[in-house]
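Q: I would like to learn how to read a model like this one, feature by feature. Where do we start?

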Amino acid sequence: MSFVFPTEESIPPEYRISPIHQKTYLLGGEIREWNGETQMVQSPIFLNRNGKLEPVILGSYPSFDTAQSLEALEAAVTAYNHGTGVWPTSTPKERILAVNHFVSLMKEKRNQIILLLMWEIGKTEKDATKEFDRTIEYLEDTIASLLELESNSSKYISESGLIAQIKRSPYGVVLCMGPFNYPLNETFCTLIPAILMGNTVVFKPAKYGVLLLEPLLECFQKAFPPGVINTVYGDGAKVISPIMESGKIDVFAFIGSSHTANLITKKHPKLNRLRSVLGLNAKNPAIILPDTDLKSMVPEIVSGSLSYNGQRCTALKILFVHKDILDEFTKLYLEEFSKWKSGMPWEPGVHLTPLPEEGKTKWLKVLLDDAIANGAKILNPGGGEITESFMFPAILSPVSPKARLYHEEQFGPLVPIVPYSNIEEPLEYIIKSNMGQQASVFGEDPNVVGKLIDTLVNQVARVNWNAQCQRGPDVFPFSGRKDSADGTLSVSDALRVFSLRTVVSFKDTEKGRNLLGDVLKTKSSRYLSEEFHL
Ligand code: G3H
């Protein structure tokens, strides 16, 4: 059962990697040289060197201090220039052309970024490829969505003696921070819509998955005017606190823990100025009803709980299984799980890989031991075994409400099973939970499931019937209640959260109409439009 890290020689040549020592950052349209302190990047992948496991050093990146991060902020503030900068006053058509340019440059970096996703965060080749391709698709769909939005809002409305055009304007300067589990996709799902709507951005990559963004610096530089995007790196307390304390951030776009989001948000001196777009903690439950078609549903539940080692905000993080089917369910779950292969991200058919977060396996072990001390048993052989950054998944039952794993988000390969006899038990859990992102219900009886759906839609933001929880497809709204999110993201919603509906209105008189005609004829306003054409 013990996990085997490879020797250097056994890695196929196309998956080998040379260290990247990033000595550059993007500020005010320049790719600047960095000569200050750096942060070392260690891969979750270890190498077997003469029988000894040694971590792979992937390179390093700049570690900013307060002065550097404030310089990046000033570059974004200057580019926005109180809404009078080149970017916020550009037309949607001009912004779309720039983003299109960026997407075409980004496509050239596909292989490099996929390889870095594998080495930096241990994502399998299949999932890393999916993350890259899904991001490109998301950006292309976002452009299409903006075209539609603009064409709908280019009409003039006549109401109560007034004529108005209602379009969307940017908010200002956005601080954008993404998560390590989707360092490209989730980050770009806020970063690019924010830019597309005319905002300028200070962008801090997640703690892990930083180097994979380095190849994109020159793409940003080539595609956007100076200062539209500025990068910062390093310790949050040094880098993010002063930016927030300045009071110059208009939108905080953050995917991560609610604890960190609260710490950062509180630093803003003018809370009513600050808009927040947050994707936070989740502990999505699956309710497995007694009449579930287990044979066809168990593979879905295994995938929902363990894909990318359970490191998805949408993962099924607690399984409520009806007592009448508990034995059959666990038997099938273990059978399906036994097909899941552990290994290196580049190995064909691999599912389970090392974890990128420093100290994560130790922390998971604490949760695991606590669940066992509170009556749970590990159902699978080798469950919970640790080899450096790798933890073999532990499937645990029965997990008691006294265990930390019952309440806390594990974000890793621990699968807690909670047997129940009365549906009120999982419902009470969901109602009392601080989190409220999604839930999955597995069962066949439309009467039972229909009633459950009615209860759950007022507890979470998405109810999945006979399906695992997930964000996609990206046209669906992605949100959460309670401590799980603030704001809604999707291809079309993201454009809305980064912009304000803004009205230009005038009296509906002959004089008013003539004056509008003159403005449109002379094109003296870039904002007012007759019709939207590209
Ligand atoms: O980590 C949270 C992601 O948004 C989950 O997305 O459900 O497509 O894996 P996914």
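A: Helices (H or I, at least four residues) and strands (E, at least two) are DSSP runs, numbered from the N terminus. This is a predicted model, in which local features need pLDDT of at least 70 and side-chain atom pairs count only at pLDDT 80 or more, while totals for chains, interfaces and linings use all residues. Residues are numbered from 1 along each chain as its sequence is written, and side-chain values use heavy atoms, with hydrogens and water left out.

Q: Which strands form the open sheet, and in what order?
A: In a regular strand, side chains alternate between the two faces of the sheet. The open sheet has six strands in the order β10-β9-β8-β11-β12-β26, with mixed pairing. Its edge strands, β10 (229-231) and β26 (485-486), each pair on one side only. Within the sheet, β8 (residues 173-177) and β9 (residues 200-204) run parallel and are joined by five bridges; M177 stands opposite K204 in β9.

Q: What are the bounds of the domains?
A: Such bounds come from an automatic or database domain assignment. The assignment gives domain 1 (8-279) and domain 2 (285-477). Their centres, taken over C-alpha atoms, are 31 Å apart.

Q: How many residues of domain 1 and domain 2 are in contact, and how much area do the domains bury?
A: The size of an interface is often given as the accessible area lost when the parts come together. The buried area (accessible area, 1.4 Å probe, lost on putting two parts together, summed over both) is about 2100 Å², 64% of it on carbon and sulfur atoms.

Q: How many salt bridges cross the interface of domain 1 and domain 2?
A: A salt bridge is a side-chain nitrogen of Lys or Arg within 4 Å of a carboxyl oxygen of Asp or Glu. The rule finds two across this interface. R471 forms a salt bridge with E186, their closest N and O atoms being 2.8 Å apart.

Technical notes:
Two strands pair if DSSP finds at least two bridges between them.
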